[in-house]
Amino acid sequence: MKRWMVIFVVLLAAGTAFAAGGVKKRRVLANEYGRVVIGNYSAKAGLAPVTFDHWIHRSRFTCRVCHVDIGFGMKANSTQIKAADNMKGYYCGSCHNGRMVVDGRKLFASCSDTFAKEDVKRCEKCHQSTPDPKRDEQFAAFVDKMPRERFGNGVNWELAEERGIIKPSDHLEGVSLNRGKMVIQKDFSLEAKVAGMPDIIFSHKKHTVWNGCEFCHPEIFVGIRKGATKYSMIEIFDGRYCGVCHGSVAFPLSDCQRCHTKSVQ
Amino acid sequence: MISSNSGGLRRLLPVGVLLLLVAVMAPGVAVSADSAGWQEEFADLSLPAAQAMDLPVGQLQSLLTRCEELKVKIQLLDETERKVYGKRLQMTCDLYRFMLDSKLAAEEGKGQP
(Lines give C-alpha, C1' and ligand atoms only; values in the text may rest on other atoms or scores of the structure.)
Protein backbone atom coordinates (compact mmCIF):
# COMPACT_ATOMS: atom_id res chain seq x y z
CA MET A 1 0.00 0.00 0.00
CA LYS A 2 2.83 2.32 1.02
CA ARG A 3 4.59 1.60 -2.27
CA TRP A 4 1.49 2.60 -4.27
CA MET A 5 1.20 5.76 -2.23
CA VAL A 6 4.82 6.71 -3.05
CA ILE A 7 4.25 6.05 -6.77
CA PHE A 8 1.07 8.14 -6.67
CA VAL A 9 2.80 11.07 -4.94
CA VAL A 10 5.74 10.96 -7.40
CA LEU A 11 3.38 10.90 -10.40
CA LEU A 12 1.33 13.75 -8.93
CA ALA A 13 4.43 15.84 -8.34
CA ALA A 14 5.74 15.15 -11.85
CA GLY A 15 2.35 16.01 -13.34
CA THR A 16 2.16 19.27 -11.40
CA ALA A 17 5.69 20.23 -12.45
CA PHE A 18 4.90 19.47 -16.11
CA ALA A 19 1.67 21.44 -15.97
CA ALA A 20 3.39 24.42 -14.36
CA GLY A 21 6.41 24.51 -16.65
CA GLY A 22 5.02 22.54 -19.53
CA VAL A 23 6.19 22.42 -23.12
CA LYS A 24 3.33 24.39 -24.56
CA LYS A 25 4.24 27.93 -25.57
CA ARG A 26 2.43 30.73 -23.80
CA ARG A 27 0.06 32.52 -26.13
CA VAL A 28 1.48 35.95 -26.87
CA LEU A 29 -0.76 38.77 -25.69
CA ALA A 30 -2.20 41.13 -28.28
CA ASN A 31 -0.08 44.07 -27.12
CA GLU A 32 3.07 41.93 -27.20
CA TYR A 33 2.49 40.46 -30.64
CA GLY A 34 5.19 41.63 -33.04
CA ARG A 35 7.40 42.80 -30.21
CA VAL A 36 11.10 42.47 -30.95
CA VAL A 37 13.92 42.74 -28.45
CA ILE A 38 17.13 44.10 -29.95
CA GLY A 39 20.29 43.97 -27.90
CA ASN A 40 23.48 43.64 -29.89
CA TYR A 41 25.42 46.43 -28.21
CA SER A 42 23.08 47.84 -25.54
CA ALA A 43 24.56 45.91 -22.62
CA LYS A 44 28.06 47.14 -23.47
CA ALA A 45 26.73 50.70 -23.20
CA GLY A 46 25.12 49.90 -19.86
CA LEU A 47 21.60 50.04 -21.30
CA ALA A 48 18.69 47.63 -21.42
CA PRO A 49 17.99 46.11 -24.86
CA VAL A 50 15.62 47.93 -27.19
CA THR A 51 12.00 46.81 -27.04
CA PHE A 52 10.51 47.46 -30.45
CA ASP A 53 6.78 47.23 -31.07
CA HIS A 54 5.72 46.60 -34.66
CA TRP A 55 2.13 47.75 -34.18
CA ILE A 56 2.85 51.44 -33.75
CA HIS A 57 5.24 51.53 -36.68
CA ARG A 58 3.18 49.46 -39.10
CA SER A 59 0.23 51.77 -38.58
CA ARG A 60 2.27 54.52 -40.25
CA PHE A 61 4.58 52.83 -42.73
CA THR A 62 4.51 49.84 -45.05
CA CYS A 63 6.82 46.92 -44.25
CA ARG A 64 8.89 47.86 -47.30
CA VAL A 65 9.89 51.31 -46.00
CA CYS A 66 11.64 49.76 -42.99
CA HIS A 67 12.78 46.39 -44.30
CA VAL A 68 13.84 47.43 -47.80
CA ASP A 69 14.45 51.19 -47.84
CA ILE A 70 15.87 51.62 -44.35
CA GLY A 71 17.41 48.16 -44.35
CA PHE A 72 16.23 46.46 -41.16
CA GLY A 73 16.78 42.71 -41.30
CA MET A 74 13.95 40.24 -40.92
CA LYS A 75 15.32 38.61 -37.79
CA ALA A 76 15.91 40.32 -34.47
CA ASN A 77 19.54 41.31 -34.00
CA SER A 78 20.49 40.44 -37.58
CA THR A 79 21.04 44.08 -38.55
CA GLN A 80 23.63 44.79 -35.84
CA ILE A 81 22.44 48.35 -35.35
CA LYS A 82 24.82 50.62 -33.49
CA ALA A 83 24.04 53.91 -31.78
CA ALA A 84 26.47 55.55 -34.22
CA ASP A 85 24.34 54.34 -37.16
CA ASN A 86 21.25 55.94 -35.64
CA MET A 87 23.11 59.17 -34.94
CA LYS A 88 24.16 59.36 -38.58
CA GLY A 89 20.50 59.22 -39.56
CA TYR A 90 20.24 55.57 -40.53
CA TYR A 91 18.00 52.78 -39.16
CA CYS A 92 15.95 54.14 -36.22
CA GLY A 93 17.62 57.50 -36.81
CA SER A 94 15.95 57.73 -40.23
CA CYS A 95 12.82 58.97 -38.43
CA HIS A 96 13.87 59.31 -34.79
CA ASN A 97 16.17 62.22 -35.45
CA GLY A 98 14.63 64.94 -33.34
CA ARG A 99 13.41 66.73 -36.49
CA MET A 100 10.76 64.56 -38.09
CA VAL A 101 7.24 65.67 -37.20
CA VAL A 102 4.40 63.15 -36.78
CA ASP A 103 0.90 64.24 -35.79
CA GLY A 104 2.21 67.72 -35.07
CA ARG A 105 4.85 66.42 -32.65
CA LYS A 106 8.58 66.11 -33.15
CA LEU A 107 9.78 62.52 -32.93
CA PHE A 108 12.39 62.01 -30.25
CA ALA A 109 15.99 61.52 -31.39
CA SER A 110 17.09 57.92 -31.10
CA CYS A 111 20.65 57.99 -29.80
CA SER A 112 23.36 60.43 -28.82
CA ASP A 113 26.94 60.04 -27.65
CA THR A 114 26.52 62.51 -24.79
CA PHE A 115 23.44 62.86 -22.68
CA ALA A 116 22.32 64.62 -19.54
CA LYS A 117 20.32 63.22 -16.65
CA GLU A 118 17.07 64.49 -18.16
CA ASP A 119 17.76 62.55 -21.35
CA VAL A 120 17.47 59.23 -19.54
CA LYS A 121 13.71 59.20 -20.06
CA ARG A 122 14.27 59.55 -23.79
CA CYS A 123 16.73 56.62 -23.78
CA GLU A 124 14.21 54.54 -21.87
CA LYS A 125 11.55 55.04 -24.52
CA CYS A 126 13.39 52.31 -26.43
CA HIS A 127 15.87 50.83 -23.96
CA GLN A 128 13.28 49.59 -21.48
CA SER A 129 14.49 47.81 -18.39
CA THR A 130 10.91 47.33 -17.18
CA PRO A 131 7.71 47.17 -19.25
CA ASP A 132 6.17 50.58 -19.82
CA PRO A 133 2.48 50.57 -18.79
CA LYS A 134 1.94 53.73 -20.87
CA ARG A 135 2.74 51.78 -24.02
CA ASP A 136 0.09 49.21 -23.17
CA GLU A 137 -2.43 52.01 -22.58
CA GLN A 138 -1.48 53.50 -25.96
CA PHE A 139 -2.02 50.11 -27.55
CA ALA A 140 -5.45 49.67 -25.95
CA ALA A 141 -6.52 53.13 -27.17
CA PHE A 142 -5.21 52.35 -30.67
CA VAL A 143 -6.91 48.97 -30.95
CA ASP A 144 -10.17 50.49 -29.83
CA LYS A 145 -10.48 52.32 -33.17
CA MET A 146 -9.46 49.36 -35.32
CA PRO A 147 -11.46 46.59 -36.99
CA ARG A 148 -10.92 43.56 -34.78
CA GLU A 149 -9.41 40.19 -35.53
CA ARG A 150 -9.22 37.08 -33.37
CA PHE A 151 -5.48 36.53 -33.30
CA GLY A 152 -2.19 38.38 -33.34
CA ASN A 153 -2.56 42.01 -32.33
CA GLY A 154 -6.30 41.57 -32.50
CA VAL A 155 -6.33 44.05 -35.40
CA ASN A 156 -7.38 43.37 -38.98
CA TRP A 157 -4.71 45.55 -40.57
CA GLU A 158 -5.83 44.92 -44.11
CA LEU A 159 -9.35 46.07 -43.33
CA ALA A 160 -8.05 49.02 -41.32
CA GLU A 161 -6.22 50.24 -44.41
CA GLU A 162 -9.15 49.48 -46.70
CA ARG A 163 -11.40 51.62 -44.50
CA GLY A 164 -8.85 54.40 -44.40
CA ILE A 165 -8.39 54.21 -40.62
CA ILE A 166 -4.67 53.78 -41.15
CA LYS A 167 -2.74 55.09 -44.14
CA PRO A 168 0.67 53.41 -44.10
CA SER A 169 3.07 55.45 -46.18
CA ASP A 170 5.25 53.67 -48.73
CA HIS A 171 7.71 56.54 -48.90
CA LEU A 172 10.14 58.09 -46.49
CA GLU A 173 11.59 61.37 -47.70
CA GLY A 174 15.34 61.22 -48.18
CA VAL A 175 15.40 57.45 -47.84
CA SER A 176 12.93 55.92 -50.32
CA LEU A 177 13.34 56.27 -54.05
CA ASN A 178 10.47 57.53 -56.17
CA ARG A 179 9.33 54.16 -57.37
CA GLY A 180 7.16 53.82 -60.40
CA LYS A 181 3.96 51.81 -60.54
CA MET A 182 4.60 48.23 -59.58
CA VAL A 183 4.05 45.33 -61.95
CA ILE A 184 2.26 42.64 -60.00
CA GLN A 185 2.06 38.90 -60.55
CA LYS A 186 -1.44 37.39 -60.69
CA ASP A 187 -3.02 35.63 -57.70
CA PHE A 188 -2.71 31.85 -57.68
CA SER A 189 -3.86 28.89 -55.66
CA LEU A 190 -1.78 26.44 -53.67
CA GLU A 191 -3.19 23.00 -53.13
CA ALA A 192 -3.66 21.99 -49.50
CA LYS A 193 -2.11 18.66 -48.57
CA VAL A 194 -4.78 17.64 -46.09
CA ALA A 195 -8.09 16.34 -47.44
CA GLY A 196 -10.97 18.64 -46.63
CA MET A 197 -8.71 21.61 -46.01
CA PRO A 198 -9.52 24.43 -48.45
CA ASP A 199 -6.75 25.40 -50.89
CA ILE A 200 -4.82 28.61 -50.37
CA ILE A 201 -5.47 31.57 -52.60
CA PHE A 202 -2.27 33.50 -52.56
CA SER A 203 -2.68 37.14 -53.42
CA HIS A 204 0.42 38.82 -54.80
CA LYS A 205 -1.51 42.08 -54.83
CA LYS A 206 -2.19 42.00 -51.11
CA HIS A 207 1.42 41.22 -50.33
CA THR A 208 3.17 43.58 -52.73
CA VAL A 209 1.18 46.61 -51.63
CA TRP A 210 3.07 46.58 -48.33
CA ASN A 211 6.18 44.64 -49.25
CA GLY A 212 7.29 45.12 -52.83
CA CYS A 213 9.01 42.25 -54.66
CA GLU A 214 12.54 42.22 -53.25
CA PHE A 215 11.20 41.78 -49.73
CA CYS A 216 10.19 38.16 -50.43
CA HIS A 217 12.11 37.16 -53.56
CA PRO A 218 14.43 35.42 -53.42
CA GLU A 219 15.32 35.67 -49.73
CA ILE A 220 12.12 34.04 -48.44
CA PHE A 221 10.69 32.37 -51.52
CA VAL A 222 13.49 30.99 -53.64
CA GLY A 223 11.67 28.75 -56.11
CA ILE A 224 11.55 30.04 -59.66
CA ARG A 225 9.10 27.51 -61.09
CA LYS A 226 5.53 27.41 -59.81
CA GLY A 227 4.97 24.21 -57.93
CA ALA A 228 8.67 23.39 -57.67
CA THR A 229 8.92 24.24 -53.98
CA LYS A 230 6.76 22.16 -51.65
CA TYR A 231 5.78 24.11 -48.60
CA SER A 232 5.01 22.14 -45.48
CA MET A 233 3.21 23.49 -42.45
CA ILE A 234 6.04 22.14 -40.28
CA GLU A 235 8.53 24.39 -42.07
CA ILE A 236 6.14 27.30 -42.00
CA PHE A 237 5.54 26.89 -38.27
CA ASP A 238 9.31 26.73 -37.94
CA GLY A 239 9.49 30.30 -39.26
CA ARG A 240 10.27 29.61 -42.92
CA TYR A 241 8.38 30.83 -46.02
CA CYS A 242 5.06 32.40 -44.93
CA GLY A 243 6.17 31.80 -41.33
CA VAL A 244 8.81 34.52 -41.59
CA CYS A 245 6.06 37.11 -41.04
CA HIS A 246 2.93 35.11 -40.24
CA GLY A 247 3.53 34.00 -36.70
CA SER A 248 5.61 36.93 -35.57
CA VAL A 249 4.15 40.13 -37.04
CA ALA A 250 1.44 39.42 -39.61
CA PHE A 251 -1.64 37.43 -38.54
CA PRO A 252 -0.54 34.12 -37.01
CA LEU A 253 -0.72 30.66 -38.54
CA SER A 254 -3.42 29.60 -36.11
CA ASP A 255 -5.82 31.78 -38.15
CA CYS A 256 -6.15 29.02 -40.81
CA GLN A 257 -9.08 30.46 -42.73
CA ARG A 258 -7.27 33.68 -43.59
CA CYS A 259 -5.11 31.73 -46.06
CA HIS A 260 -7.07 28.55 -46.74
CA THR A 261 -9.88 30.42 -48.39
CA LYS A 262 -10.79 28.47 -51.52
CA SER A 263 -14.07 26.63 -51.12
CA VAL A 264 -13.75 22.84 -51.02
CA GLN A 265 -15.01 21.17 -54.21
CA MET B 1 67.24 93.52 -61.10
CA ILE B 2 66.42 92.35 -57.69
CA SER B 3 63.39 94.61 -57.54
CA SER B 4 62.01 93.47 -60.94
CA ASN B 5 62.41 89.83 -59.86
CA SER B 6 60.58 90.39 -56.62
CA GLY B 7 57.84 92.20 -58.60
CA GLY B 8 57.48 89.16 -60.84
CA LEU B 9 57.33 86.90 -57.86
CA ARG B 10 54.66 89.06 -56.31
CA ARG B 11 52.60 88.78 -59.49
CA LEU B 12 53.03 85.03 -59.50
CA LEU B 13 52.09 84.69 -55.85
CA PRO B 14 48.26 84.62 -56.33
CA VAL B 15 48.65 82.06 -59.11
CA GLY B 16 50.84 79.95 -56.84
CA VAL B 17 48.33 80.16 -53.99
CA LEU B 18 45.55 79.21 -56.39
CA LEU B 19 47.51 76.21 -57.66
CA LEU B 20 48.25 75.18 -54.09
CA LEU B 21 44.56 75.39 -53.17
CA VAL B 22 43.58 73.33 -56.20
CA ALA B 23 46.17 70.72 -55.29
CA VAL B 24 44.92 70.55 -51.69
CA MET B 25 41.21 70.48 -52.57
CA ALA B 26 41.31 68.25 -55.64
CA PRO B 27 41.17 64.90 -53.81
CA GLY B 28 38.15 66.11 -51.82
CA VAL B 29 36.37 67.24 -54.95
CA ALA B 30 37.16 63.93 -56.61
CA VAL B 31 35.80 61.97 -53.65
CA SER B 32 32.57 63.99 -53.51
CA ALA B 33 32.06 63.62 -57.26
CA ASP B 34 32.61 59.89 -56.90
CA SER B 35 30.21 59.80 -53.94
CA ALA B 36 27.51 61.56 -55.97
CA GLY B 37 28.22 59.08 -58.74
CA TRP B 38 27.52 55.99 -56.65
CA GLN B 39 24.29 57.43 -55.29
CA GLU B 40 22.99 58.20 -58.77
CA GLU B 41 23.97 54.75 -59.94
CA PHE B 42 22.31 53.22 -56.88
CA ALA B 43 19.06 55.03 -57.65
CA ASP B 44 19.27 54.13 -61.35
CA LEU B 45 19.81 50.49 -60.51
CA SER B 46 17.12 50.28 -57.83
CA LEU B 47 14.26 52.05 -59.64
CA PRO B 48 13.49 49.31 -62.20
CA ALA B 49 12.95 46.82 -59.33
CA ALA B 50 9.26 47.73 -59.19
CA GLN B 51 8.91 46.59 -62.81
CA ALA B 52 11.35 43.67 -62.51
CA MET B 53 8.70 41.22 -63.73
CA ASP B 54 8.42 42.98 -67.07
CA LEU B 55 12.11 43.54 -67.75
CA PRO B 56 13.57 41.67 -70.71
CA VAL B 57 16.43 39.19 -70.23
CA GLY B 58 18.98 41.54 -71.81
CA GLN B 59 18.14 44.39 -69.47
CA LEU B 60 18.24 42.14 -66.42
CA GLN B 61 21.70 40.91 -67.45
CA SER B 62 22.92 44.46 -67.95
CA LEU B 63 21.51 45.52 -64.54
CA LEU B 64 23.29 42.60 -62.90
CA THR B 65 26.61 43.59 -64.44
CA ARG B 66 26.14 47.13 -63.12
CA CYS B 67 25.22 45.69 -59.71
CA GLU B 68 28.59 43.97 -59.46
CA GLU B 69 30.39 47.18 -60.37
CA LEU B 70 28.48 49.21 -57.81
CA LYS B 71 29.07 46.65 -55.06
CA VAL B 72 32.80 47.36 -55.37
CA LYS B 73 32.22 51.11 -54.89
CA ILE B 74 29.91 50.55 -51.93
CA GLN B 75 32.56 48.45 -50.23
CA LEU B 76 34.70 51.58 -50.06
CA LEU B 77 32.12 53.58 -48.08
CA ASP B 78 32.13 54.00 -44.30
CA GLU B 79 30.82 51.19 -42.10
CA THR B 80 27.23 52.43 -41.74
CA GLU B 81 26.70 53.34 -45.39
CA ARG B 82 28.33 50.10 -46.47
CA LYS B 83 25.93 48.15 -44.23
CA VAL B 84 22.78 50.05 -45.30
CA TYR B 85 23.39 50.46 -49.03
CA GLY B 86 25.19 47.13 -49.33
CA LYS B 87 22.10 45.33 -48.06
CA ARG B 88 19.69 47.41 -50.16
CA LEU B 89 21.72 46.80 -53.28
CA GLN B 90 22.05 43.10 -52.52
CA MET B 91 18.26 42.75 -52.22
CA THR B 92 17.72 44.51 -55.55
CA CYS B 93 20.40 42.52 -57.33
CA ASP B 94 19.06 39.27 -55.89
CA LEU B 95 15.62 40.15 -57.26
CA TYR B 96 17.08 40.79 -60.73
CA ARG B 97 18.93 37.47 -60.56
CA PHE B 98 15.72 35.75 -59.45
CA MET B 99 13.74 37.28 -62.33
CA LEU B 100 16.46 36.43 -64.83
CA ASP B 101 16.57 32.81 -63.67
CA SER B 102 12.75 32.62 -63.77
CA LYS B 103 12.66 33.94 -67.32
CA LEU B 104 15.44 31.67 -68.51
CA ALA B 105 13.73 28.68 -66.87
CA ALA B 106 10.44 29.63 -68.52
CA GLU B 107 12.11 29.90 -71.92
CA GLU B 108 13.79 26.55 -71.36
CA GLY B 109 10.44 25.04 -70.41
CA LYS B 110 8.84 26.34 -73.61
CA GLY B 111 11.53 24.66 -75.69
CA GLN B 112 10.86 21.29 -74.09
CA PRO B 113 8.39 18.92 -75.79
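Predicted model: local features only at pLDDT ≥ 70, side-chain atom pairs only at ≥ 80, totals over all residues.
Residues are numbered from 1 along each chain as written, and chains are lettered from A in the order written. Local features need pLDDT of at least 70, side-chain atom pairs count only at pLDDT 80 or more, and side-chain values use heavy atoms, without hydrogens and water.

**Exercise 1.** Find how many disulfides there are over all chains, and which residues are joined.

Solution. Start with the rule: a disulfide is a pair of cysteine sulfur atoms within 2.5 Å. The count over all chains is one. B:Cys67 is joined to B:Cys93, with 2.3 Å from S to S. Next, look along the S-S bond: at -100 degrees, this link is left-handed.

**Exercise 2.** Work out whether A:Cys123 is buried or exposed, and which cysteine sulfur is nearest.

Solution. A:Cys123 is in no disulfide, and the nearest cysteine sulfur, that of A:Cys111, lies 7.7 Å away. Now check accessibility: buried means under 20% relative accessible area, exposed over 50%, and partly exposed in between (1.4 Å probe, protein chains only). At 14%, A:Cys123 is buried.

**Exercise 3.** Decide where the buried residues of H2(B) lie around the helix axis.

Solution. Helices are DSSP runs (H or I, at least four residues), numbered from the N terminus. The buried residues of H2(B) include B:Leu60, B:Leu63, B:Leu64 and B:Cys67. Seen down the axis, the buried residues of H2(B) fall within an arc of 135 degrees, so they line one face of the helix. That arc is taken from the directions from the helix axis to the C-beta atoms.

Conventions:
Helix = DSSP H or I, 4+ residues; strand = E, 2+ residues; numbered from the N terminus.
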